[in-house]
Amino acid sequence: MTSPLRLSTVILPVHRWNEGGRALWQRAEELGFHAAYTYDHLAWRTFRDGPWFGAVPTLTAAAAATDRLRLGTLVTSPNFRHPVTLAKELITLDDISDGRVTLGIGAGGNGFDATTLLKGDEEPWTPRERADRFGEFVPLLDRLLREPAGTTHEGRFYSAHEARNVPGCVQRPRLPFAVAATGPRGLRLAAEYGQAWVTTGDPKLFETGTPEQSVDAVAGQLTKLGKACSEAGRDASELDRILLTGFTPDFNPALPAPRRGRPLDSLEAFVDFAGRYAELGFTEIVVHWPIDDSVFAADRAVFESIATEAASRLR
């Protein structure tokens, strides 16, 4: 490992703030998590018909309720965001948190984010269209956050006319980007603009793969990231490498459990799981805060033991 492995968590925005939501973010800080992220979606999968709150207001409230915890999105996408308005929200959040924000950002995918704003017979963007928009979105957002005095841009998808973001970010030259990508175009953006790279593994392996195949697939992604960095004239070791867990075969209850059990079954099982990715050079592993009766259900006591003890076991 090039640096100590950090543990972080994702708290989905499904909790009313005054009915337990605030307490979760404060507990994440008490447990010593490096960061707590939330999803930036309009709705998500099986949670569609229940409470689901906005990411930026949630993170703003979390910033006011905590002191040390880093905060961020995993991930924001162009599906329903515009770089000009997003930049304004981000500099505000960065100011309120006193420089504790990381923007996780990706190209987006299918689902409610892709369809909620469609008119009539409009079709969702194809993967190529999402990649095209992402390729314009990230550089423009980078400029907006670095050039508070005014940014003008006329692009294929986005425009900005003397957009001002004074006084700019607390973090200089701007808050960090954690770019989620596995394809060549996204990896190039990570290499050029990212301070971190994010993966969930290979989604094709979740249904039928093995933990060993997952590790091999992620190793292949890292090789491609290294190539993209080399082509961009950048040392790949400059990027943090973040694994968002929950989407590799280790977590699929329909598949045989790994030798030591599923990663959140015990501290030992998690250390075994995380150790394999730490050996690949990952600097941060993110686990979902348990939600009862969902795909993210987990024993709270085990989860807290992982939060407080796993990092020291992985050094």
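User: How much space lies in the largest cavity, and what makes it a cavity and not a pocket?

Analyst: About 50 Å³ lies in the largest cavity, a volume being the space filled by probe spheres set on grid points joined across faces, edges and corners. On a 1 Å grid over the protein atoms alone, a cavity is a set of points where a 1.4 Å probe fits but cannot get out, whereas a pocket is an open set with protein on both sides within 12 Å along at least five of seven lines. Searching the whole structure with a threshold of 30 Å³ or more gives 1 cavity. A note on reading this: the model is predicted, so local features need pLDDT of at least 70 and side-chain atom pairs pLDDT 80 or more, while totals for chains, interfaces and linings use all residues. Residues are numbered from 1 along each chain as its sequence is written, and side-chain values use heavy atoms, without hydrogens and water.

User: Which elements each supply at least two residues of the lining of the largest cavity?

Analyst: They are helix 2 (55-65), strand 3 (70-76), helix 3 (83-96) and strand 4 (101-105); helices (H or I, at least four residues) and strands (E, at least two) are DSSP runs, numbered from the N terminus. Lining residues have an atom within 4 Å of a point, and here they include Asp40, Val56, Thr76, Leu90 and Leu103. By class the lining has 7 nonpolar, 4 polar and 1 charged residues.

User: What is the make-up by class of the lining of the second largest pocket?

Analyst: That lining has 5 nonpolar, 3 polar and 4 charged residues, with Asp113, Glu122, Glu123 and Arg130 among the lining residues. The second largest pocket has about 220 Å³ of space. Helix 4 (residues 112-115) gives the largest share of its lining, 3 residues.

User: Why is Trp52 called buried?

Analyst: Buried means under 20% relative accessible area, exposed over 50%, and partly exposed in between (1.4 Å probe, protein chains only). Trp52 has 14%, so Trp52 is buried. Trp52 sits in the loop between strand 2 (35-38) and helix 2. Leaving aside neighbours within four places in sequence, its contacts (heavy atoms within 4.5 Å) include Leu12, Pro13, Tyr39, Trp44 and Phe47. Pro13 is 39 residues away along the chain, yet the two C-alpha atoms are separated by 5.5 Å.

User: How do you know that Arg185 forms a salt bridge with Asp132?

Analyst: The rule asks for a side-chain nitrogen of Lys or Arg within 4 Å of a carboxyl oxygen of Asp or Glu. For Arg185 and Asp132 the closest N and O atoms are 2.6 Å apart, so the pair qualifies. Arg185 lies in helix 6 (residues 184-193) and Asp132 in helix 5 (residues 127-146), so the pair ties together parts that are 53 residues apart in sequence. Arg185 is partly exposed at 33%, while Asp132 is buried at 19%.

User: What is the N to O value for the salt bridge of Asp292 and Arg300?

Analyst: It is 3.7 Å, so this pair is within the 4 Å limit too. Arg300 is partly exposed, at 38% relative accessible area. By this rule the count comes to 18 salt bridges, and Asp250, Arg259, Asp272 and Arg276 are linked in a network of salt bridges.

Key. Ala, Val, Leu, Ile, Met, Phe, Trp, Tyr, Cys and Pro count as nonpolar, Asp, Glu, Lys and Arg as charged, and the others, Gly among them, as polar.
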